[in-house]
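The following note concerns the charged side-chain pairs of this model.

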Amino acid sequence: MDLDGKKIAILATHGFEQSELEVPRDRLKKAGAVVDVVSPASGEIRGWDKRDWGRPVTVDKTLDQASPADYDAVVLPGGQINPDLLRVEQKALKFIRDIFDAGKIVAAVCHAPWLLIETGIARGRKMTSYKSIKTDVANAGAKWEDSEVVVDQGVITSRNPGDLEAFTAKIIEEVREGRHIGRSAA
């Protein structure tokens, strides 16, 4: 599963679920991809590790420095805090939507499907999410499934940290397949 020459953004801010950023980042790098942590502000962002604040992660590029055209995919870690903060950041929503509109891979885990709701990407798609936002996903017009990973034309969703191996494997597979030109947009 060689991702040499592929570039992937992990879009996050404070309160990301620690494993939901670190596991995909590390697996994607091991597969050969260049991975940038992209955030609204420079410096470091701090994770949430189960019941308390976790380790900081260095931001590689701010949203002002990152161009969706430079990436083959965007990965959206969950946690409750991170996607809730990002879904009110217009630059973050535009970044996600621009990657989607270019037919590139969009992957969201746990509570990060909130971002797919805000961008309109959820409407009409098969998706999963953390169980507590199942109703939010369904009310946004998606068909919610209780599966470890759900893929709908390059939009990848998973439920929780227990699904990260399947989630990351599917990201690698979809990035290798390439763009999903002609997929229906909401």
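1. The count of salt bridges in this predicted model comes to 14.

2. Glutamate 165 and arginine 27 form a salt bridge in which the closest N and O atoms are 2.4 Å apart. Since glutamate 165 belongs to helix α6 (residues 164-177) and arginine 27 to helix α1 (residues 18-30), the pair ties together parts that are 138 residues apart in sequence. Glutamate 165 is partly exposed, at 48% relative accessibility; arginine 27 is likewise partly exposed, with a relative accessible area of 33%.

3. A salt bridge also joins the side chains of arginine 87 and aspartate 84, at 2.8 Å from N to O. Arginine 87 has a relative accessible area of 21% and is therefore partly exposed, given that buried means under 20%. Aspartate 84 counts as partly exposed at 35% relative accessibility.

4. Aspartate 152 meets arginine 125 in a salt bridge with an N to O distance of 3.2 Å. This pair links distant parts of the chain, 27 residues apart: aspartate 152 is in strand β10 (residues 149-152), while arginine 125 is in the loop between α4 (113-118) and β8 (126-127). Are these two residues buried or exposed? Both aspartate 152 and arginine 125 are buried.

5. Finally, shared partners deserve a remark.

How values were computed
Residues are numbered from 1 along each chain as its sequence is written. This is a predicted model: local features need pLDDT of at least 70, side-chain atom pairs count only at pLDDT 80 or more; totals for chains, interfaces and linings use all residues. Side-chain values use heavy atoms; hydrogens and water are left out. A salt bridge is a side-chain nitrogen of Lys or Arg within 4 Å of a carboxyl oxygen of Asp or Glu. Helices (H or I, at least four residues) and strands (E, at least two) are DSSP runs, numbered from the N terminus. Buried means under 20% relative accessible area, exposed over 50%, partly exposed in between (1.4 Å probe, protein chains only).
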